[in-house]
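Here is a friendly walk through one protein model, from its overall make-up to a few of its side-chain pairs. Please keep the structure open while you read.

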Amino acid sequence: MRVSLLCLLRLHPAATAIMASSSSKEPSVKKPVLYGYAKSSCSWRVRAAFAAKNADFECRYFNPYEATAEEKAQFALLNPLGQVPILMIDGHYLSQSVPILEYIEETVPGPRLLPKEPGQRAQVREIVELINSGIQPFQNPSVAQRHSDDPDKQKEWQVYWIEKGLTALEAVLTKTHGKCSVGDEITLADLCLVPQLFASRRFGANMTKFPLCVKIFDDLLELEPFRKTHPNNQADTPDESAPI
């Protein structure tokens, strides 16, 4: 499908490149272009993957919760669910963060994000799936709003599912962790854990229940791939967010 994204989207004024300045021309196929927004957990996963690989990419702003009806309809041409992230890479338009992470791991040079040992690879994917399907979807505002029109009940819904998922994650990590979620090197599991823990705090979960999750999160946040790609350090960071 050949679509001009410059015609497809009205880009936010704050949309500038993370690794290099954005261009008014159609982006080169040699530089991946990521569409997402600062506080999107799934977009952060992809930003962190590129940073962990020390790979060049361009980030452009699109927030489906702030988009007009026309923009949403146009964006759905690339992802029928209308969700971010979308990654333009190697002539492909990819959606859904986990297959995007897998594609980056398989095609972008740099440190491995999946261990060589099959058992550890399975552990990484277990954690990825636990977060990706067992926690993150339930906290989305669109899901919570479907549950109730009452903001207090929405928050109760979000916190319940986040804490249920983090209880499982805490148990899994006791068997897999080293300095990171699985062993001592950054993996796809960490790329999902860090955004999820950030969001869990933001949505009001009681993080004192999950000391191991929090320790790994805090330690990982000291590392450049996560500091550089943190929502508070993005061009479209909301005004109330302070850089770290």
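A residue counts as buried when its relative accessible area is under 20%, as exposed when it is over 50%, and as partly exposed in between, using a 1.4 Å probe and protein chains only. By that scale lysine 153 is partly exposed, because its relative accessible area is 45%. Lysine 153 is found in helix α8. Contact here means heavy atoms within 4.5 Å. Setting aside its neighbours within four places in sequence, lysine 153 is in contact with His147 and Ser148.

A word on the model itself: it is predicted, so local features need a pLDDT of at least 70 and side-chain atom pairs count only at pLDDT 80 or more, while totals for chains, interfaces and linings use all residues. Residues are numbered from 1 along each chain as its sequence is written, and side-chain values use heavy atoms, with hydrogens and water left out.

**The chain as a whole**

The protein chain has eleven helices and four strands; these are DSSP runs numbered from the N terminus, with helices being H or I of at least four residues and strands E of at least two. The chain has 244 residues, of which 51% count as buried. Its accessible surface comes to about 11900 Å², and 53% of that belongs to carbon and sulfur atoms. These areas come from the Shrake-Rupley method with a 1.4 Å probe. Among contacts between residues at least 6 apart in sequence, 68% join residues at least 24 apart.

**Where α8 meets α10**

Helix α8 (residues 151-176) packs against helix α10 (residues 211-221) at an angle of about 75 degrees, with the axes 8 Å apart. That makes α8 roughly perpendicular to α10, a term for angles of 65 to 115 degrees. On the α8 side the contact involves Leu166, Leu169, Glu170, Leu173 and Thr174, which meet Pro211, Leu212, Cys213 and Ile216 of α10. By class, this contact has seven nonpolar residues, one polar and one charged.

Which residues of α4 are buried? They are Ser97, Val98, Ile100, Leu101, Glu102, Tyr103, Ile104 and Glu105. Eight of the eleven residues of α4 are therefore buried, so the helix is largely enclosed by the rest of the structure. Its buried residues pack against α2, β3 (86-89), β4 (92-95), α5 and α9 (188-202).

Side chains of opposite charge can pair when their charged atoms come close. A salt bridge is a side-chain nitrogen of Lys or Arg within 4 Å of a carboxyl oxygen of Asp or Glu.

| Salt bridge | N to O distance |
|---|---|
| Lysine 31 and aspartate 56 | 3.7 Å |
| Glutamate 105 and lysine 53 | 2.8 Å |
| Arginine 125 and glutamate 102 | 3.2 Å |

Lysine 31 lies in the loop between α1 (5-8) and β1 (33-36), and aspartate 56 in the loop between α2 (41-52) and β2 (58-61), 25 residues apart. Aspartate 56 counts as partly exposed at 40% relative accessibility.

Glutamate 105 in helix α4 (residues 97-107) is 52 residues from lysine 53, which sits in the loop between α2 and β2. Glutamate 105 is buried, with a relative accessible area of 13%, and lysine 53 is buried at 5%.

Arginine 125 in helix α5 (residues 118-134) and glutamate 102 in helix α4 are 23 residues apart. Here arginine 125 is partly exposed at 38% relative accessibility, whereas glutamate 102 is buried at 16%.

Terms used: Axes are lines fitted to C-alpha atoms, for helices over the stretch in contact, and angles run from 0 to 180 degrees between N-to-C directions. Angles under 35 degrees count as roughly parallel, over 145 as roughly antiparallel, 65 to 115 as roughly perpendicular and the rest as oblique. Ala, Val, Leu, Ile, Met, Phe, Trp, Tyr, Cys and Pro count as nonpolar, Asp, Glu, Lys and Arg as charged, and the others, Gly among them, as polar.
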